[in-house]
Amino acid sequence: IMSDEEHIQEVFEQAGSGSSLTYPIQCSALRKGGFVVLKGHPCKVVDMSTSKTGKHGSAKVNLVGIDIFTAKKYEEFAPSTSNMEVPFVSRNEYTLLNIDDGYLSLMLPSGDTKDDVKLPEGELGEQIQAAFDEGRDLLIAVIAAMGEEHAMSFKDAPK
């Protein structure tokens, strides 16, 4: 049996809106190099410009962002006074233990393993696989945002 507090927390975590994955910020407070959700994708802001509209309209901000996972470009116009969602983005490094069936087996600081991050496709994945096959100890950098996690880079673990 759960306490009311535990139940409320669980209901909040199950909220489908992704409310705990992002936080609101006024559009005019966004900065180049910061993060924002554009068309449902967590993006890094690469360009933004403000345009004044007619007599009674508010200024509009043109945001250009690059998806942090796919490097795809997204663009959105928004009134400068409106709220935009900003994704909580975290970057962690984990020791690579194994590569199994397209997934990385990573060691968490707690000593537990994490087996749900995919080996990246393309050149990065091939480089990780090759370095692992050579018997090198690797640290994998994993970026997490909006419920997704991707291995973004790797380096040799310090000896």
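Buried here means under 20% relative accessible area, exposed means over 50%, and partly exposed is anything in between (1.4 Å probe, protein chains only). This is a predicted model, where local features need pLDDT of at least 70, side-chain atom pairs count only at pLDDT 80 or more, and totals for chains, interfaces and linings use all residues. Residues are numbered from 1 along each chain as its sequence is written, and side-chain values use heavy atoms, with hydrogens and water left out.

**View A. Lys-114, a buried lysine in strand β9**. Lys-114 sits in β9 (residues 113-118); helices (H or I, at least four residues) and strands (E, at least two) are DSSP runs, numbered from the N terminus. With 12% relative accessibility, Lys-114 falls under the 20% cut-off, so it counts as buried. Its side chain makes polar contacts with the side chains of Asp-116, at 3.0 Å, and Glu-149, at 2.6 Å. A polar contact is a pair of N or O atoms within 3.5 Å; within protein, one must be able to donate a hydrogen and the other to accept it, and residues adjacent in sequence count only if both atoms are side-chain atoms. Leaving out residues up to four places away in sequence, Lys-114 also touches Tyr-94 and Leu-104, among others, where contact means heavy atoms within 4.5 Å.

**View B. The open sheet β2-β3-β4-β5**. Its 4 strands pair in the antiparallel sense; two strands pair if DSSP finds at least two bridges between them. β2 (35-38) and β5 (73-79) are the edge strands with a single partner each, so one side of each has no neighbour in the sheet. β2 and β3 (residues 41-51) share 4 bridges, and Val-36 stands opposite Cys-43 in β3.

**View C. Glu-76 on strand β5**. Glu-76 is partly exposed, at 21% relative accessible area. Its side chain reaches the backbone nitrogen of Lys-39 at 2.8 Å. Leu-63 is 13 residues away in sequence but 5.3 Å away in space, C-alpha to C-alpha. Beyond four places in sequence, the contacts of Glu-76 include Leu-38, Val-61 and Met-84.

View D. Gly-125, Ile-128 and Ala-131 are buried. Among the elements covering them are β7 (89-100) and β11 (148-156). After α2 comes Gly-135, with a positive phi near 85°.
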